[in-house]
Amino acid sequence: MGVSTLSEALQEKDLFDAAEEATPKKPRLYLLDGMALFYRAHFAMVRSHRYTSGGVCTSGIFGMTGAVFDLIKRENPTHMAVAFDTEHPTERHRIFPEYKAQRDAMPEDMAAQKPLLDRLFQAMKIPILRNPGYEADDVIGTLAGQADAAGFETWMVTPDKDYHQLVTSSVKIYKPGRKGGEVELIGVPEVLERWQIERVDQVLDILGLMGDASDNIPGISGIGEKTAQKLIAKYNTIENLIEHASELKGKQRERVEQNSEMALLSKRLVRIQTDVPHEYDLSSFSIGDPVTDELKSLFMELEFDTLGKRYFGKTFSSATQRANVVREKREAEIQTSLFDEPAEEQTIDDVNVQYEIVKTAAQRKKLITQLLKQSEVCFDTETTGLDARTARPIGLAFSFEARRGHYVVVPEEPDKAQAVIAEFEPFWSADNI
């Protein structure tokens, strides 16, 4: 493409209208909370999920792709990486087995998209971070701290409020807007205002008191966010609150005294680790050349027509569009060369053959009746390609007599195509053939 970085590639293709930003003085690292962003993208389209013509749900991967491209165009990062959770238990599970135990399994249509996420980031040359035994926020917390010390301006890209505890003057949160809304940039002033606290580290105390139902972190029953804010504003920390629990009145005193250990455990559970062992080199997160062929292939497979045309130009065509072109070409080839014999210097006129093109329901019914009378049949499928994930049917060819063949035309529309193929079910399932 003649460009040196993915950021420049997006700018050259005019994916978005924002003007090109000047190169920042400090390197700008963006750390993506992969699974949180994936969930948000998928469920943002829950009322109108995207599907390919083959029935593959692409809502999450589509939303993620758009969000990453938008971020690159808007912010002109110099470095980027994406972190994901793993299936391995963490320290939190060890000290509290009920941690996240109530969560439902990931919906099947989401789980099917997970391999596509890796392909997307690999094609964009954005490093994928997975550390068994640690969650994505721990990996991001560790790297954000190291990047801060190394002089980076670091942005944690996430909708998760737990990251507020990590914010410093150089480590901030980039919270994507909901359903195309405005991006929220969260620094120290925003965190202090949001939680009504004096210091960022007090986020931990509030979260520990109120708990988190989504992660099954108990906190203290009966203490919500507003009460937690008032108590921390007065007592500074959970530890100090427990020491002065006798100053509280009624039910509140009883709750704090009876659940002091649970409050301390909850504070420990919500604390993001910043000491994850790893071998990552921050310099390796530098934005590089996109793997254009892989990215284009993925867009075609997922039928991202709009994104494809914006990024690759008007010549881009998705799997659906290409299938139609291939179909027309293949049908033309089939009409002229179906069942040709490989003899030298022979044409269709030189051999004694009888070929029938089957198009109507009546013709198909007649053919099926003939097929069911046979003990042996040769058949072949004609498709738009050899990849079972993307190929679409064009026709079915049958032969059960020498020099005689039948070619069934399969309609282009997926539903009609499936209906025609289903008509042959008695043949497909016949044990005597």
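Modeller: A residue counts as buried under 20% relative accessible area, as exposed over 50% and as partly exposed in between, with a 1.4 Å probe and protein chains only. Phe69, at 0% relative accessibility, is therefore buried. Phe299 is buried too, its relative accessible area being 0%.

This is a predicted model, in which local features need pLDDT of at least 70, side-chain atom pairs count only at pLDDT 80 or more, and totals for chains, interfaces and linings use all residues. Residues are numbered from 1 along each chain as its sequence is written, and side-chain values use heavy atoms, with hydrogens and water left out.

A pair of aromatic rings is described by the distance of the centres and the angle of the planes. Rings of Phe, Tyr and Trp (its six-membered ring) pair if their centres lie within 6.5 Å; planes under 30 degrees apart count as stacked, over 60 as edge-to-face and the rest as tilted. In the whole structure, 20 aromatic pairs are found. For Phe69 and Phe299 the ring centres are 6.1 Å apart and the planes stand at 50°, so this pair is tilted. It joins distant parts of the chain, since Phe69 belongs to helix α3 (residues 59–75) and Phe299 to helix α14 (residues 292–302), 230 residues apart. Helices here are DSSP runs (H or I, at least four residues), numbered from the N terminus.

Phe69 and Phe299 also belong to one aromatic cluster, together with Phe62, Phe304, Tyr311, Phe312 and Phe316.

How values were computed
Helix = DSSP H or I, 4+ residues; strand = E, 2+ residues; numbered from the N terminus.
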